[in-house]
Amino acid sequence: MQKRSCQMKTVYRATASTVRCERGANKGSSLDVWLGRFAMIGFAVAISVEIATGKGLLENFGLTTPLPTVALAVTGLVGVLTAIFIFQSASNN
């Protein structure tokens, strides 16, 4: 008498999935795309300047210790402008 051992094999099947892009490939000249590109370039330049000089970005402009009110005002302004641009971009879609 022979004894057979049966083993279950797990089979993984590939499923097709699609990714839908919100913006077409031919719409690469819109304002938000260009602003994003310039922001990335500006960030890379700021980091490069900090590495090259050994000083922070504000120190290079002569501000060694910025006033807390100025820092708070700049942070608030950036936050408000960011919210405006996000809502404006979302309303265009």
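These are my notebook entries on a predicted model of a protein.

**Ground rules**

I number residues from 1 along each chain as its sequence is written, and side-chain values use heavy atoms, with hydrogens and water left out. The model is predicted, so local features need pLDDT of at least 70 and side-chain atom pairs count only at pLDDT 80 or more, while totals for chains, interfaces and linings use all residues.

**Entry 1: confidence**

I looked up pLDDT, the predictor's confidence in each residue, from 0 to 100. The protein averages 79. At least 70 is reached by 74% of the residues. Among the elements, H1 has the highest mean pLDDT, 91. Helix H2 (residues 57-60) has the lowest, 82. I keep one caution in mind: where pLDDT is low, the predicted coordinates should not be read in detail.

**Entry 2: overall build**

I found three helices and zero strands. Both are DSSP runs, numbered from the N terminus: helices are H or I with at least four residues, strands are E with at least two. Along the sequence the pattern reads α-α-α.

Next I checked burial. Buried means under 20% relative accessible area, exposed over 50%, and partly exposed in between (1.4 Å probe, protein chains only). Of the 93 residues, 2% count as buried. The protein exposes about 9300 Å². Carbon and sulfur atoms supply 65% of that area. Such areas come from the Shrake-Rupley method with a 1.4 Å probe; for residues, only the protein chains shown count as cover.

**Entry 3: helix H1**

H1 has 23 residues. From first C-alpha to last it reaches 33 Å, close to the expected 33 Å. The expected span is 1.5 Å times one less than the number of residues. Just after H1, I noted Gly-54 with a positive phi of about 80°.

**Entry 4: the rings**

I noted one aromatic pair in the structure. The ring centres of Trp-34 and Phe-38 are 6.1 Å apart and the planes meet at 35°, so I call the pair tilted. The rule covers rings of Phe, Tyr and Trp (its six-membered ring) with centres within 6.5 Å; planes under 30 degrees apart are stacked, over 60 edge-to-face, the rest tilted.

Why are Trp-34 and Phe-38 separated by about one helical turn? Because they are four residues apart in helix H1 (residues 31-53). An α-helix has 3.6 residues a turn, so residues three or four places apart point the same way.

Trp-34 is partly exposed at 38% relative accessible area. Phe-38 counts as exposed at 53%. Arg-37 lies over the face of Trp-34, 4.7 Å from the ring centre. For that, NZ of Lys or CZ of Arg must be within 6 Å of the ring centre and within 35 degrees of the ring normal.

Glu-50 lies in H1 and is partly exposed at 33%. Which residues does Glu-50 contact, leaving aside its neighbours within four places in sequence? I listed Lys-55, Gly-56 and Leu-57. Contact means heavy atoms within 4.5 Å.

Lys-55 sits in the loop between H1 and H2. Lys-55 is partly exposed at 39%. Not counting residues up to four places away, Lys-55 touches Glu-50 and Asn-60.

Is Ala-46 buried or exposed? Ala-46, in helix H1, counts as buried at 17% relative accessibility. Its C-alpha is 8.8 Å from that of Gly-56, 10 residues away in sequence.
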